[in-house]
Amino acid sequence: MSARLLSTQPLVCHPATPCAAVRGIEVALHWQHAPEPALLLIYVVRGALNDLRLPGGAAAPTRTDGLWQHTCFEAFVGTEGDSAYREFNFAPSADWAAYLFSAERVRDAAAETASSLAPPRIVTSRSRAADVFTLGAEVPAGWLPDAVDRPWLLGLSAVIESADGRLSYWALHHPAPRPDFHQRAGWAARLTAPVASSQNRL
């Protein structure tokens, strides 16, 4: 597998939802050229794992709505000058979701073809000795917005569920008094978009 590190981005916890069990979260972005072009997202959580709900892998990972109600790792991808964007959700169980929006929180369900997509490759690992949990997700290039002479705008985020059921919300930037991952003001990462495949378009 050939992959190039693009950047590493730290996430910050929303001040309204503190979580003492998590010391920090960062996301490493890689571009994979082979066997198929893809954006690789590697989320690293450092903290007291025993105090977090991190369910194990599902027997058969499926596309599932509502993953954000529990521990979930997310990515929002748009382009400058275009109100449309994509949202991807990845759970520690390897369940996943993919959505298309025509504008902020305006879902374009008619344009989605996610039901025909093969599940993305999701790999998890944990080291209780080091208190580190890692989730890697492979987003095929064909799932990403077309971007010619424009950078991708990325909103990277995570919802972390504590053992007591409380949720904390992590993102690159929190522009509002309450957590809201859909606000573009919080999409602080910029990437020059490689040529995307037209296959398996979302």
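These legends cover a set of close-up views of one predicted model.

View 1. The protein has 12 strands and 0 helices. Read from the N terminus, the order of elements is β-β-β-β-β-β-β-β-β-β-β-β. The radius of gyration is 16 Å, close to the 17 Å that the globule rule gives for 202 residues, so the protein is as compact as a globular protein of that length. The C-alpha trace spans about 45 × 40 × 30 Å along its principal axes.

**View 2. Burial, contacts and surface of the protein.** Of the 202 residues, 50% count as buried. Take the contacts between residues at least 6 apart in sequence: 65% of these join residues at least 24 apart.

**View 3. An aromatic pair joins Tyr85 and Trp187.** The model holds 11 aromatic pairs. In this one, the ring centres of Tyr85 and Trp187 are 5.1 Å apart. Their planes stand at 75 degrees, which makes the pair edge-to-face. Tyr85 lies in strand S5 (residues 85–90). Trp187 sits in the loop between strand S11 (167–171) and strand S12 (189–192). The two parts are 102 residues apart in sequence, so the pair ties them together. Tyr85 and Trp187 are both buried.

**View 4. Tyr99 and Phe101 form a tilted pair.** The ring centres of Tyr99 and Phe101 are 6.5 Å apart, with 55 degrees between the planes. Tyr99 is buried at 7% relative accessibility. Phe101 is buried too, with a relative accessible area of 8%. Ring pairs link Tyr99 and Phe101 with Phe76, Tyr85 and Trp187 into a cluster.

View 5. Arg46 is partly exposed at 34% relative accessibility. Glu26 is also partly exposed, at 30%.

**View 6. Arg53 meets Glu161 in a salt bridge.** The N to O distance is 2.9 Å. Arg53 sits in the loop between S3 and strand S4 (72–79), and Glu161 in strand S10 (residues 151–161). This bridge spans 108 residues of sequence. Arg53 is partly exposed, with a relative accessible area of 37%. Glu161, in contrast, is buried at 6% relative accessibility.

**View 7. Glu80 and Arg190 form a salt bridge.** Their closest N and O atoms are 3.9 Å apart. Glu80 lies in the loop between S4 and S5, while Arg190 lies in strand S12. The two residues are 110 residues apart in the chain. Glu80 is partly exposed at 38% relative accessibility. Arg190 is partly exposed at 46%.

**View 8. Cys19 and Cys72 are in no disulfide.** The structure holds 0 disulfides. For Cys19, the nearest cysteine sulfur is that of Cys13, 6.5 Å away. A disulfide needs sulfur atoms within 2.5 Å. Cys19 is buried, with a relative accessible area of 10%. For Cys72, the nearest cysteine sulfur belongs to Cys19, at 15 Å. Cys72 is buried at 0% relative accessibility.

Technical notes: Residues are numbered from 1 along each chain as its sequence is written. This is a predicted model: local features need pLDDT of at least 70, side-chain atom pairs count only at pLDDT 80 or more; totals for chains, interfaces and linings use all residues. Side-chain values use heavy atoms; hydrogens and water are left out. Buried means under 20% relative accessible area, exposed over 50%, partly exposed in between (1.4 Å probe, protein chains only). Rings of Phe, Tyr and Trp (its six-membered ring) pair if their centres lie within 6.5 Å; planes under 30 degrees apart count as stacked, over 60 as edge-to-face and the rest as tilted. Helices (H or I, at least four residues) and strands (E, at least two) are DSSP runs, numbered from the N terminus. The radius of gyration is taken over C-alpha atoms; the globule rule is 2.2 Å times the number of residues to the power 0.38. Contact means heavy atoms within 4.5 Å. A salt bridge is a side-chain nitrogen of Lys or Arg within 4 Å of a carboxyl oxygen of Asp or Glu.
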